[in-house]
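Student: I have a model open and would like to learn how to read its packing. Could you take me through it?

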Amino acid sequence: MTFNWIERSLSRRTFLKGTAGVSTALSVFPIPALAQSSEVTIISAESNANTAEVLRRIAADFGKAAGTKVVVNNMDHEAHKTAIRNYLVAGAPDVCFWFSGNRMRAFVTRGLFDDISDLFEKEKYADVLGATAGSVTVEGKQYGLPTGGTLWGMFYRKDVFEEHGLKVPTSWDDLLAFGEKCKSASLTPVAMGTKDLWPAAGWFDQMNLRINGLDKHFALMNGEMAYTDETLKPVFEHWEELIKQGFFTPDHTSFGWQEAGAFLAQKRAGMMNLGAFVRAAFPQQDLPQLTFAPFPVIEDGLGRYEEFSLNSVHIPTNAKNKSGAREFLTHFYKPENLAAYLEPGGNVPPRNDLPPSKDSLVNAAVESLKAVAGTSQFYDRDTDPDMAQAGLVGFQEFMARPERRDAILQRLEGTRRRIFKL
(Lines give C-alpha, C1' and ligand atoms only; values in the text may rest on other atoms or scores of the structure.)
Protein backbone atom coordinates (compact mmCIF):
# COMPACT_ATOMS: atom_id res chain seq x y z
CA MET A 1 0.00 0.00 0.00
CA THR A 2 1.08 3.54 -0.65
CA PHE A 3 -0.32 6.44 1.35
CA ASN A 4 -0.20 10.00 0.13
CA TRP A 5 -0.26 12.43 3.03
CA ILE A 6 1.03 15.90 3.69
CA GLU A 7 3.85 15.55 6.18
CA ARG A 8 3.64 17.74 9.29
CA SER A 9 6.84 17.24 11.23
CA LEU A 10 6.86 17.44 15.02
CA SER A 11 3.21 16.54 15.34
CA ARG A 12 2.00 13.60 17.40
CA ARG A 13 -0.67 13.17 14.72
CA THR A 14 1.03 11.33 11.90
CA PHE A 15 0.14 8.44 9.70
CA LEU A 16 0.65 4.89 8.62
CA LYS A 17 0.13 1.35 7.49
CA GLY A 18 -1.06 -2.13 8.77
CA THR A 19 0.18 -4.39 11.59
CA ALA A 20 0.24 -7.97 12.85
CA GLY A 21 1.65 -9.98 15.70
CA VAL A 22 4.20 -12.75 15.64
CA SER A 23 6.67 -13.77 18.30
CA THR A 24 10.42 -13.59 17.85
CA ALA A 25 12.77 -16.53 17.45
CA LEU A 26 16.12 -16.02 19.10
CA SER A 27 18.04 -17.49 16.23
CA VAL A 28 16.94 -15.04 13.56
CA PHE A 29 18.57 -11.84 14.78
CA PRO A 30 22.26 -11.48 15.48
CA ILE A 31 22.88 -9.18 18.44
CA PRO A 32 26.39 -8.17 19.44
CA ALA A 33 27.19 -9.55 22.87
CA LEU A 34 27.31 -6.84 25.52
CA ALA A 35 29.54 -6.95 28.53
CA GLN A 36 27.89 -9.15 31.15
CA SER A 37 27.82 -6.25 33.59
CA SER A 38 26.10 -3.90 31.11
CA GLU A 39 22.53 -3.73 32.35
CA VAL A 40 19.83 -2.18 30.15
CA THR A 41 17.02 -0.46 32.04
CA ILE A 42 13.66 0.40 30.47
CA ILE A 43 10.73 2.46 31.72
CA SER A 44 7.37 2.02 30.03
CA ALA A 45 3.83 3.11 30.86
CA GLU A 46 1.68 0.42 29.30
CA SER A 47 -1.87 0.31 30.65
CA ASN A 48 -2.64 -2.72 28.48
CA ALA A 49 -1.45 -5.79 30.40
CA ASN A 50 -1.00 -7.86 27.24
CA THR A 51 1.14 -5.18 25.61
CA ALA A 52 3.25 -4.91 28.76
CA GLU A 53 3.75 -8.67 28.70
CA VAL A 54 4.87 -8.61 25.06
CA LEU A 55 7.39 -5.89 25.89
CA ARG A 56 8.77 -7.98 28.76
CA ARG A 57 9.08 -10.96 26.42
CA ILE A 58 10.89 -8.91 23.77
CA ALA A 59 13.22 -7.57 26.44
CA ALA A 60 13.89 -11.05 27.82
CA ASP A 61 14.67 -12.39 24.35
CA PHE A 62 17.06 -9.52 23.78
CA GLY A 63 18.75 -10.11 27.12
CA LYS A 64 19.33 -13.79 26.36
CA ALA A 65 20.74 -13.10 22.91
CA ALA A 66 22.91 -10.22 24.07
CA GLY A 67 24.03 -11.87 27.28
CA THR A 68 22.97 -8.94 29.43
CA LYS A 69 20.45 -8.18 32.13
CA VAL A 70 17.39 -6.21 31.01
CA VAL A 71 15.11 -4.59 33.59
CA VAL A 72 11.66 -3.34 32.54
CA ASN A 73 9.80 -1.07 34.95
CA ASN A 74 6.20 -0.47 33.88
CA MET A 75 4.59 2.59 35.49
CA ASP A 76 1.01 3.78 35.75
CA HIS A 77 0.30 5.73 32.57
CA GLU A 78 -0.83 8.96 34.22
CA ALA A 79 1.84 8.83 36.95
CA HIS A 80 4.49 8.43 34.28
CA LYS A 81 3.59 11.82 32.77
CA THR A 82 4.85 13.43 35.97
CA ALA A 83 7.65 11.00 36.78
CA ILE A 84 9.43 11.43 33.44
CA ARG A 85 10.11 15.10 34.19
CA ASN A 86 12.11 13.99 37.20
CA TYR A 87 13.87 10.83 36.09
CA LEU A 88 15.17 12.33 32.85
CA VAL A 89 17.12 14.79 35.00
CA ALA A 90 18.24 12.38 37.71
CA GLY A 91 18.15 8.58 37.61
CA ALA A 92 17.42 8.20 33.89
CA PRO A 93 16.83 4.71 32.45
CA ASP A 94 18.54 3.61 29.25
CA VAL A 95 15.28 3.49 27.30
CA CYS A 96 11.93 5.14 27.93
CA PHE A 97 8.58 5.25 26.17
CA TRP A 98 6.87 8.60 25.61
CA PHE A 99 5.06 10.63 22.93
CA SER A 100 6.40 11.97 19.65
CA GLY A 101 5.99 15.43 18.14
CA ASN A 102 5.80 18.52 20.32
CA ARG A 103 5.74 16.51 23.52
CA MET A 104 9.04 14.92 22.52
CA ARG A 105 10.45 18.26 21.42
CA ALA A 106 9.86 19.69 24.89
CA PHE A 107 12.52 17.32 26.23
CA VAL A 108 14.76 17.62 23.17
CA THR A 109 15.03 21.39 23.62
CA ARG A 110 16.02 20.82 27.24
CA GLY A 111 18.73 18.39 26.16
CA LEU A 112 17.09 15.38 27.82
CA PHE A 113 16.61 13.03 24.82
CA ASP A 114 19.62 11.64 22.96
CA ASP A 115 20.21 12.18 19.26
CA ILE A 116 19.86 8.74 17.61
CA SER A 117 20.36 9.89 14.02
CA ASP A 118 23.26 7.42 13.78
CA LEU A 119 20.90 4.52 14.50
CA PHE A 120 18.32 5.93 12.09
CA GLU A 121 20.91 6.04 9.33
CA LYS A 122 22.47 2.67 10.12
CA GLU A 123 19.12 0.81 10.11
CA LYS A 124 17.69 2.87 7.21
CA TYR A 125 14.51 3.58 9.17
CA ALA A 126 13.60 6.49 6.91
CA ASP A 127 12.93 3.96 4.14
CA VAL A 128 10.17 2.23 6.12
CA LEU A 129 8.76 5.11 8.19
CA GLY A 130 7.90 7.67 5.55
CA ALA A 131 5.97 10.61 7.01
CA THR A 132 6.11 9.36 10.59
CA ALA A 133 9.86 10.01 10.66
CA GLY A 134 9.00 13.69 10.95
CA SER A 135 7.29 13.10 14.29
CA VAL A 136 10.66 12.22 15.90
CA THR A 137 12.78 14.74 13.96
CA VAL A 138 13.98 18.11 15.26
CA GLU A 139 16.07 20.29 12.94
CA GLY A 140 17.00 17.32 10.79
CA LYS A 141 18.00 15.02 13.65
CA GLN A 142 16.09 12.06 15.10
CA TYR A 143 15.51 11.70 18.83
CA GLY A 144 13.37 8.57 18.99
CA LEU A 145 11.49 5.90 17.10
CA PRO A 146 7.74 6.25 16.51
CA THR A 147 5.72 3.34 17.87
CA GLY A 148 1.97 2.78 17.71
CA GLY A 149 -0.54 5.41 16.66
CA THR A 150 -4.24 5.98 17.29
CA LEU A 151 -6.63 7.46 14.75
CA TRP A 152 -9.42 9.48 16.33
CA GLY A 153 -12.94 9.36 14.97
CA MET A 154 -16.55 8.40 15.63
CA PHE A 155 -16.81 4.91 17.11
CA TYR A 156 -20.09 3.01 17.27
CA ARG A 157 -21.67 -0.42 17.68
CA LYS A 158 -22.79 -2.07 14.46
CA ASP A 159 -25.63 -3.92 16.19
CA VAL A 160 -27.02 -0.70 17.71
CA PHE A 161 -27.05 0.94 14.28
CA GLU A 162 -28.81 -2.08 12.80
CA GLU A 163 -31.35 -2.28 15.62
CA HIS A 164 -32.38 1.37 15.35
CA GLY A 165 -31.88 1.91 11.62
CA LEU A 166 -29.10 4.47 12.19
CA LYS A 167 -26.79 5.63 9.42
CA VAL A 168 -23.23 6.93 9.75
CA PRO A 169 -23.42 10.75 9.48
CA THR A 170 -21.14 12.08 6.77
CA SER A 171 -22.28 15.73 6.80
CA TRP A 172 -23.46 18.26 9.36
CA ASP A 173 -27.09 17.80 8.37
CA ASP A 174 -26.63 14.05 8.65
CA LEU A 175 -25.24 14.52 12.15
CA LEU A 176 -28.23 16.60 13.26
CA ALA A 177 -30.63 14.02 11.83
CA PHE A 178 -28.64 11.24 13.50
CA GLY A 179 -29.02 13.00 16.85
CA GLU A 180 -32.78 13.28 16.52
CA LYS A 181 -33.12 9.63 15.61
CA CYS A 182 -30.95 8.60 18.57
CA LYS A 183 -33.03 10.65 20.99
CA SER A 184 -36.26 9.15 19.67
CA ALA A 185 -34.73 5.74 20.43
CA SER A 186 -33.76 6.86 23.99
CA LEU A 187 -30.06 6.94 23.09
CA THR A 188 -27.62 9.71 23.89
CA PRO A 189 -26.35 10.70 20.42
CA VAL A 190 -22.70 11.11 21.49
CA ALA A 191 -21.11 9.68 24.64
CA MET A 192 -18.70 12.17 26.21
CA GLY A 193 -16.75 12.18 29.49
CA THR A 194 -14.88 15.37 30.35
CA LYS A 195 -13.85 14.70 33.94
CA ASP A 196 -10.27 14.45 32.63
CA LEU A 197 -10.84 17.48 30.34
CA TRP A 198 -8.99 16.42 27.17
CA PRO A 199 -11.90 14.69 25.34
CA ALA A 200 -13.57 18.12 25.03
CA ALA A 201 -10.42 19.49 23.39
CA GLY A 202 -10.44 16.51 21.02
CA TRP A 203 -13.95 17.40 19.94
CA PHE A 204 -12.87 21.02 19.39
CA ASP A 205 -9.98 19.84 17.24
CA GLN A 206 -12.26 17.79 15.01
CA MET A 207 -14.70 20.70 14.64
CA ASN A 208 -12.01 23.26 13.89
CA LEU A 209 -10.31 21.01 11.34
CA ARG A 210 -13.65 20.56 9.55
CA ILE A 211 -14.43 24.31 9.55
CA ASN A 212 -11.07 26.12 9.30
CA GLY A 213 -8.67 23.49 7.98
CA LEU A 214 -5.21 22.38 9.02
CA ASP A 215 -3.15 25.54 8.59
CA LYS A 216 -5.40 27.69 10.75
CA HIS A 217 -5.66 24.95 13.34
CA PHE A 218 -1.89 24.75 13.59
CA ALA A 219 -1.71 28.53 13.83
CA LEU A 220 -4.12 28.42 16.76
CA MET A 221 -2.26 25.60 18.48
CA ASN A 222 1.06 27.40 18.02
CA GLY A 223 -0.20 30.67 19.48
CA GLU A 224 -0.20 32.51 16.16
CA MET A 225 -3.98 33.03 16.07
CA ALA A 226 -6.34 34.35 18.73
CA TYR A 227 -9.22 32.37 20.17
CA THR A 228 -11.25 35.50 19.61
CA ASP A 229 -10.49 35.43 15.87
CA GLU A 230 -13.65 35.69 13.78
CA THR A 231 -12.91 32.42 12.01
CA LEU A 232 -13.38 30.50 15.26
CA LYS A 233 -16.91 31.73 15.90
CA PRO A 234 -18.50 29.15 13.56
CA VAL A 235 -16.72 26.37 15.46
CA PHE A 236 -18.34 27.35 18.73
CA GLU A 237 -21.66 28.14 17.05
CA HIS A 238 -21.85 24.64 15.57
CA TRP A 239 -20.79 23.15 18.89
CA GLU A 240 -23.41 25.19 20.72
CA GLU A 241 -26.09 23.88 18.36
CA LEU A 242 -25.23 20.32 19.38
CA ILE A 243 -25.16 21.18 23.07
CA LYS A 244 -28.58 22.83 22.94
CA GLN A 245 -29.99 19.78 21.19
CA GLY A 246 -28.78 17.49 23.96
CA PHE A 247 -26.19 15.63 21.91
CA PHE A 248 -23.79 14.77 24.72
CA THR A 249 -23.87 12.68 27.87
CA PRO A 250 -25.71 14.51 30.68
CA ASP A 251 -23.41 15.43 33.58
CA HIS A 252 -20.42 14.60 31.36
CA THR A 253 -18.07 16.39 33.77
CA SER A 254 -18.68 13.57 36.26
CA PHE A 255 -17.38 10.88 33.92
CA GLY A 256 -13.97 9.94 32.60
CA TRP A 257 -13.61 8.55 29.09
CA GLN A 258 -13.82 4.99 30.43
CA GLU A 259 -17.23 5.57 32.01
CA ALA A 260 -18.45 7.39 28.91
CA GLY A 261 -17.13 4.52 26.79
CA ALA A 262 -19.13 2.12 28.94
CA PHE A 263 -22.31 3.98 27.88
CA LEU A 264 -21.40 3.18 24.28
CA ALA A 265 -20.62 -0.44 25.15
CA GLN A 266 -23.90 -0.78 27.06
CA LYS A 267 -25.96 0.42 24.07
CA ARG A 268 -26.91 3.66 25.79
CA ALA A 269 -25.22 5.96 23.27
CA GLY A 270 -25.06 6.12 19.48
CA MET A 271 -21.42 7.14 18.89
CA MET A 272 -18.31 8.39 20.69
CA ASN A 273 -15.47 10.59 19.47
CA LEU A 274 -12.23 9.06 20.73
CA GLY A 275 -9.30 6.87 19.75
CA ALA A 276 -9.40 3.10 19.35
CA PHE A 277 -8.46 2.73 23.01
CA VAL A 278 -12.22 3.04 23.65
CA ARG A 279 -12.11 -0.74 23.19
CA ALA A 280 -10.98 -0.95 26.81
CA ALA A 281 -14.55 -0.08 27.87
CA PHE A 282 -15.98 -3.07 25.95
CA PRO A 283 -16.35 -6.68 27.08
CA GLN A 284 -14.22 -8.96 24.94
CA GLN A 285 -17.25 -10.65 23.42
CA ASP A 286 -18.64 -7.31 22.22
CA LEU A 287 -15.52 -6.05 20.48
CA PRO A 288 -16.54 -7.44 17.05
CA GLN A 289 -19.45 -4.97 17.15
CA LEU A 290 -17.18 -1.93 17.59
CA THR A 291 -16.28 -0.03 14.44
CA PHE A 292 -15.11 3.36 13.25
CA ALA A 293 -16.19 6.21 10.97
CA PRO A 294 -14.53 9.56 10.22
CA PHE A 295 -15.87 12.73 11.84
CA PRO A 296 -18.52 14.23 9.52
CA VAL A 297 -17.71 16.93 6.96
CA ILE A 298 -18.90 20.39 8.03
CA GLU A 299 -17.53 22.72 5.35
CA ASP A 300 -17.38 21.35 1.81
CA GLY A 301 -14.21 21.94 -0.15
CA LEU A 302 -11.73 21.54 2.70
CA GLY A 303 -9.13 18.81 2.62
CA ARG A 304 -9.76 15.99 5.06
CA TYR A 305 -7.65 16.33 8.20
CA GLU A 306 -7.63 13.93 11.14
CA GLU A 307 -6.25 13.46 14.62
CA PHE A 308 -3.59 10.76 14.73
CA SER A 309 -1.70 10.49 18.01
CA LEU A 310 1.68 8.79 17.77
CA ASN A 311 3.74 7.41 20.64
CA SER A 312 7.49 6.84 20.58
CA VAL A 313 10.49 5.32 22.34
CA HIS A 314 13.66 7.22 23.31
CA ILE A 315 17.13 7.07 24.82
CA PRO A 316 17.54 9.66 27.60
CA THR A 317 20.61 11.86 27.34
CA ASN A 318 21.56 10.83 30.89
CA ALA A 319 21.30 7.10 30.17
CA LYS A 320 24.21 5.05 31.51
CA ASN A 321 24.27 2.40 28.79
CA LYS A 322 23.59 4.14 25.48
CA SER A 323 25.24 1.46 23.35
CA GLY A 324 23.08 -1.21 25.00
CA ALA A 325 20.04 1.03 24.53
CA ARG A 326 20.73 1.35 20.80
CA GLU A 327 21.07 -2.40 20.46
CA PHE A 328 17.79 -2.91 22.30
CA LEU A 329 15.99 -0.41 20.06
CA THR A 330 17.33 -2.18 16.98
CA HIS A 331 15.94 -5.45 18.33
CA PHE A 332 12.63 -3.96 19.49
CA TYR A 333 12.06 -2.24 16.13
CA LYS A 334 12.37 -5.36 14.00
CA PRO A 335 9.07 -5.81 12.13
CA GLU A 336 8.15 -9.05 13.88
CA ASN A 337 8.77 -7.57 17.34
CA LEU A 338 7.10 -4.22 16.72
CA ALA A 339 4.08 -5.98 15.21
CA ALA A 340 3.75 -8.23 18.25
CA TYR A 341 4.05 -5.23 20.57
CA LEU A 342 1.38 -3.23 18.72
CA GLU A 343 -1.21 -5.96 18.25
CA PRO A 344 -2.76 -6.20 21.75
CA GLY A 345 -3.51 -2.48 21.97
CA GLY A 346 -4.93 -2.11 18.49
CA ASN A 347 -2.32 0.47 17.48
CA VAL A 348 -1.75 1.58 13.90
CA PRO A 349 1.95 0.93 13.19
CA PRO A 350 4.45 3.53 11.98
CA ARG A 351 6.37 1.16 9.71
CA ASN A 352 5.07 0.54 6.21
CA ASP A 353 6.43 -2.99 5.97
CA LEU A 354 4.21 -4.79 8.48
CA PRO A 355 1.46 -7.24 7.50
CA PRO A 356 -2.25 -6.45 8.08
CA SER A 357 -3.46 -6.58 11.65
CA LYS A 358 -5.73 -9.20 13.13
CA ASP A 359 -7.74 -6.26 14.45
CA SER A 360 -10.45 -4.94 12.14
CA LEU A 361 -10.32 -1.50 13.81
CA VAL A 362 -6.65 -1.14 12.94
CA ASN A 363 -7.25 -2.10 9.34
CA ALA A 364 -10.24 0.26 9.16
CA ALA A 365 -8.00 3.07 10.42
CA VAL A 366 -5.36 2.20 7.83
CA GLU A 367 -7.96 2.32 5.06
CA SER A 368 -9.37 5.60 6.38
CA LEU A 369 -5.95 7.22 6.52
CA LYS A 370 -5.47 6.69 2.80
CA ALA A 371 -7.84 9.61 2.18
CA VAL A 372 -6.25 11.95 4.71
CA ALA A 373 -4.53 15.10 3.48
CA GLY A 374 -2.92 16.08 6.80
CA THR A 375 -2.91 15.53 10.54
CA SER A 376 -3.42 17.59 13.69
CA GLN A 377 -2.37 17.70 17.32
CA PHE A 378 -3.71 18.41 20.82
CA TYR A 379 -2.50 21.02 23.26
CA ASP A 380 1.04 20.41 24.36
CA ARG A 381 0.91 19.97 28.12
CA ASP A 382 4.70 19.87 28.31
CA THR A 383 5.72 23.04 26.56
CA ASP A 384 2.75 25.18 27.60
CA PRO A 385 1.03 23.48 30.55
CA ASP A 386 -0.82 26.61 31.71
CA MET A 387 -2.29 27.22 28.28
CA ALA A 388 -3.17 23.54 27.95
CA GLN A 389 -5.01 23.49 31.26
CA ALA A 390 -6.80 26.76 30.57
CA GLY A 391 -7.86 25.59 27.15
CA LEU A 392 -9.14 22.23 28.34
CA VAL A 393 -11.05 23.73 31.24
CA GLY A 394 -12.45 26.35 28.87
CA PHE A 395 -13.80 23.73 26.46
CA GLN A 396 -15.34 21.81 29.32
CA GLU A 397 -16.96 24.97 30.67
CA PHE A 398 -18.29 25.81 27.22
CA MET A 399 -19.97 22.42 27.01
CA ALA A 400 -21.70 23.07 30.32
CA ARG A 401 -22.56 26.74 29.65
CA PRO A 402 -22.43 27.59 25.94
CA GLU A 403 -24.06 30.97 26.58
CA ARG A 404 -20.76 32.08 28.17
CA ARG A 405 -18.84 31.49 24.94
CA ASP A 406 -17.50 35.02 24.50
CA ALA A 407 -16.35 35.31 28.11
CA ILE A 408 -14.63 31.92 27.91
CA LEU A 409 -12.83 32.85 24.70
CA GLN A 410 -11.69 36.14 26.17
CA ARG A 411 -10.24 34.30 29.15
CA LEU A 412 -8.49 31.76 26.92
CA GLU A 413 -7.03 34.56 24.86
CA GLY A 414 -5.85 36.39 27.98
CA THR A 415 -4.11 33.22 29.15
CA ARG A 416 -2.45 32.76 25.79
CA ARG A 417 -1.19 36.33 25.72
CA ARG A 418 0.59 35.69 28.98
CA ILE A 419 2.02 32.40 27.74
CA PHE A 420 3.02 33.42 24.23
CA LYS A 421 3.48 37.18 24.84
CA LEU A 422 1.47 38.08 21.75
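Student: Which residues have the most contacts inside the largest nonpolar core?

Tutor: First, the ground rules. This is a predicted model, where local features need pLDDT of at least 70 and side-chain atom pairs count only at pLDDT 80 or more, while totals for chains, interfaces and linings use all residues. Residues are numbered from 1 along each chain as its sequence is written, and side-chain values use heavy atoms, leaving out hydrogens and water. In soluble globular proteins, nonpolar side chains tend to be buried together. A nonpolar core is a set of buried Ala, Val, Leu, Ile, Met, Phe, Trp, Tyr and Cys residues joined through side-chain atoms within 4.5 Å; buried means under 20% relative accessible area with a 1.4 Å probe, protein chains only. Here the largest core has 72 residues, and Trp-203, Phe-204, Tyr-227, Trp-239, Phe-248 and Phe-395 have the most contacts inside it.

Student: Which helix gives the most to this core?

Tutor: Helix H8 (residues 198–211), with 7 residues. Helices are DSSP runs of H or I, at least four residues, and strands are runs of E, at least two, numbered from the N terminus.

Student: What does Phe-204 touch?

Tutor: Contact means heavy atoms within 4.5 Å. Leaving aside residues up to four places away in sequence, its partners include His-217, Leu-220, Trp-239 and Phe-395. A second, separate core of 49 residues includes Val-70 and Phe-113.

Student: What is the strand order in the open sheet?

Tutor: Strands pair if DSSP finds at least two bridges between them. The order of these 4 strands is E8-E9-E7-E10, with mixed pairing; E8 (188–191) and E10 (290–293) are the edges.

Notes. Buried < 20%, exposed > 50% of the residue type's maximum accessible area, 1.4 Å probe, protein only.
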